[in-house]
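Trainee: I am new to this structure. Please take a close look at one part for me, the contact between the chains, and then connect it to the rest.

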Amino acid sequence: MTQSSARPTPASPTPPGGHLLEVRDLHVEFRTREGVARVINGVTYHLDAGETLAVLGESGSGKSVTAQAIMGILDTPPAYVRGGQILYQGRDLLTRPEEERRQIRGTEIAMIFQDALSALNPVFPVGWQIGESLRERAGMSRADARRRTTELMDLVRIPAAAKRLGDYPHQFSGGMRQRVMIAMALALDPKVLIADEPTTALDVTVQAQIMDLLADLRRDLGTALILITHDLGVVAGVADRIAVMYAGRIVEHADVRALYRAPAHPYTKGLLESIPRLDVRGQELSSIRGLPPNLMAIPSGCPFHPRCPYVQQVCVDEVPHDLVLGDGRTSACHFAQEVHDDSAG
Amino acid sequence: MTAPADATKVRGETILSVDHLVKHFPISQGVLFKKTIGQVKAVDGVSFELRRGETLGVVGESGCGKSTLARLLMRLETPTAGRVTLEGRDLLRAGGADLRRLRRNMQMVMQDPYTSLNPRMTVGDIVGEPFEIHPEVAPKRSRRQRVQELLDVVGLNPEHVNRYPHQFSGGQRQRIGIARALALRPEIIVCDEPVSALDVSIQAQVINLLEQLQDEFGLSYIFIAHDLSVVRHISDRVAVMYLGRIVEIGTEEQIYQRATHPYTQALLSAVPVPDPEARDRQTIIRLSGDVPSPADPPSGCHFRTRCWKAEEVCAVQDPQTVPRAADPHPSACHFAEVRTDV
């Protein structure tokens, strides 16, 4: 299934008319008093209608910053986009005026945040907050907005929706607040939903409920989903494809099943191996040595080389390109094939 | 560093026993004339034993009382009722020098490595602070050397003794917290979510360190966490808490393979398995609703409002955490059964 010939760029099959959303060679830096942190260093990924892409990474890998760049909600300063394109239906969002981007936010691309309690306004009822975009953006009357808000709350399965319109965020549990956030994001019927760690703050039983809801919504409404997470377990359940980020780059990109079966980047392999599993109980867990890189001084060559068990001189000297391993999967490692074969064997 | 090896200390004997521990926090109302209008039943009758050299995992969702339990054991909170016996002495009634000696034997590793270390103190001062309270453990002139040994034991560079917490990463800070807990050579360490604030790649390093220290020093751990796969990896026995009570307790195998309490079964089934192929075979038990408020728990079995097996008896009769016919480990369910559909 794999081919050993290495081509410099990934050959992702582009559907006629292009991808729904495409991030191309994005660079973002944070200018701080201590220096310049290179947070995103050439991220490329795409999303087609109705599919779920998981973006996996640890803290500081740049997964949320990429999403903020897509939404156009980066804090500038300190964050500056240094290069690249974000194409939505072929239009480069980065070159559009703020007014046009505002039109796209919410109606075309919407976002759900991790911490629903701080993302909601504590002094307004949730019904009013969900209805805000319906009144302001869709120009609905208050009565219509109210009716639609109740429908949305039903859609995300908030019990007794009509009675709870006037309740405030603190009167909802964590899981219910996250549902309110999802209802808000869906209000204007966006084609792309970006969920940034939507279940990280929730308990496992509630987490399962929210992930089910997201999967159902995607099936019923056909919304494409970018799921940003650090949790390898959450990804396995819902995503079609997965992009693994490290030090502001996509280091591996593959179909979910192919990736879990045999990771082709040493970082992904290390992550999967460091999860406690039944067959390693009572033994030492394998761990990734060292620490994530300082983004103000990213290591030369491959940014993962100081922590990598496969490291050779070439890794220190040369930045690895994305190697295509067949099935459209790529790995930014000089020894991708070897790593893949080791994992598969 | 020498292990507190002692021929009289047998691995497997009971070192700590907790009997019907209760902590109710009052809910008060009024500004001038405060009156108590209710009780949050954070810990509501918890009993278990900890054996020498073992790891007892405590799992449960937020609000189940697992962190209050840790604070009660450390006597950071005063229990409403119950008994905790350490080294044959009642920890809850001990005072003065007696309490100080008992406290030396039980230390804690906190969840958040960012807020549990004083940013104005050097690592050396943080790790050495226990010696200020218990000077008999290390005489003043040998302290610096002891602190450096401790840093070495937890895998930090002993030369970094004069650095401040902000100069370390999250995983390294958790190592500092562990070094501080080890300083007095305790036999028991209570770990309250020690790895949940850390990235996956760093979690494994800290778990390995805890296991290695256990082997080296014969430590007993109470390991509180919400991550069921981490708990499974490290624990010999596991207690499952729900709304202030232990609903099921047993060996790792009994809990993970032959759980008889519906809550444990639902909790285990909801764990996101990091393997898409295993995911296809996974049958998730979907619980409806949220955990009820501990200020107003349901009558009888606390879990009955979310349980698919609930019958009338569950509302009337409080199930005891006792061995059940289905499997000989304690489970607090009238209808305890091993799940057969997996």
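Mentor: Start with the term itself: two residues are in contact if their C-beta atoms, placed from the backbone, lie within 7 Å. This is a predicted model, where local features need pLDDT of at least 70, side-chain atom pairs count only at pLDDT 80 or more, and totals for chains, interfaces and linings use all residues. Residues are numbered from 1 along each chain as its sequence is written, while chains are lettered from A and ligands numbered from 1 in the order in which they are written.

Now the contact. Chain A puts in 33 residues, and chain B puts in 31 residues. On the chain B side, the elements that give two or more residues are helices H6 (200-217), H7 (228-234), H9 (262-270) and H10 (276-281). Helices here are DSSP runs of H or I with at least four residues, strands are E runs of at least two, and both are numbered from the N terminus. H6(B) gives the most to this side, with 7 residues. By class, the chain B side holds 14 nonpolar, 9 polar and 8 charged residues. Nonpolar covers Ala, Val, Leu, Ile, Met, Phe, Trp, Tyr, Cys and Pro; charged covers Asp, Glu, Lys and Arg; the others, Gly among them, are polar.

Next, a sheet in chain B. It is open, has 4 strands in the order E2-E1-E4-E5, and its pairing is antiparallel. Two strands pair if DSSP finds at least two bridges between them. E2 and E5 (89-90) of chain B are the edge strands, each pairing on one side only. Between E1 (residues 14-29) and E2 (residues 35-51) of chain B there are 13 bridges. These two strands form a hairpin with 5 residues between them. In that turn, B:Gly30 has a positive phi of about 95°. Axes are lines fitted to C-alpha atoms, for helices over the stretch in contact, and angles run from 0 to 180 degrees between N-to-C directions.

Then a helix pair in chain B. H3 (residues 123-133) and H5 (residues 170-182) of chain B pack at about 30°, with axes 7 Å apart. That makes H3(B) roughly parallel to H5(B); angles under 35 degrees count as roughly parallel, over 145 as roughly antiparallel, 65 to 115 as roughly perpendicular and the rest as oblique. B:Val123, B:Ile126, B:Val127 and B:Pro130 of H3(B) meet B:Ile176, B:Ala179 and B:Arg180 of H5(B). This contact has 6 nonpolar, no polar and 1 charged residues.

Cross to chain A. It has 13 helices and 12 strands. Its radius of gyration is 21 Å, close to the 20 Å that the globule rule gives for 345 residues, so chain A is as compact as a globular protein of that length. Its C-alpha box is roughly 65 × 50 × 45 Å along the principal axes.

Chain A has an open, antiparallel sheet of 4 strands in the order E2-E1-E4-E5. Its edge strands are E2 (35-47) and E5 (91-92), each pairing on one side only. E4 (residues 79-88) of chain A is joined to E5(A) by 2 bridges, and A:Leu87 stands opposite A:Asp92 in E5(A). Helix H1 (residues 63-71) of chain A lies across E1 (21-32), E2 and E4, at about 110° to E1(A).

Last, H7 (residues 174-186) and H8 (residues 204-221) of chain A pack at about 20°, with axes 10 Å apart. They are therefore roughly parallel to each other. Their crossing is right-handed. A:Gly174, A:Gly175, A:Gln178 and A:Ile182 of H7(A) meet A:Val206, A:Gln209, A:Ile210 and A:Leu213 of H8(A). By class, that contact has 4 nonpolar, 4 polar and no charged residues.

Technical notes:
The radius of gyration is taken over C-alpha atoms; the globule rule is 2.2 Å times the number of residues to the power 0.38. A crossing is left-handed if the near helix is turned anticlockwise from the far one by less than a right angle, and right-handed if clockwise.
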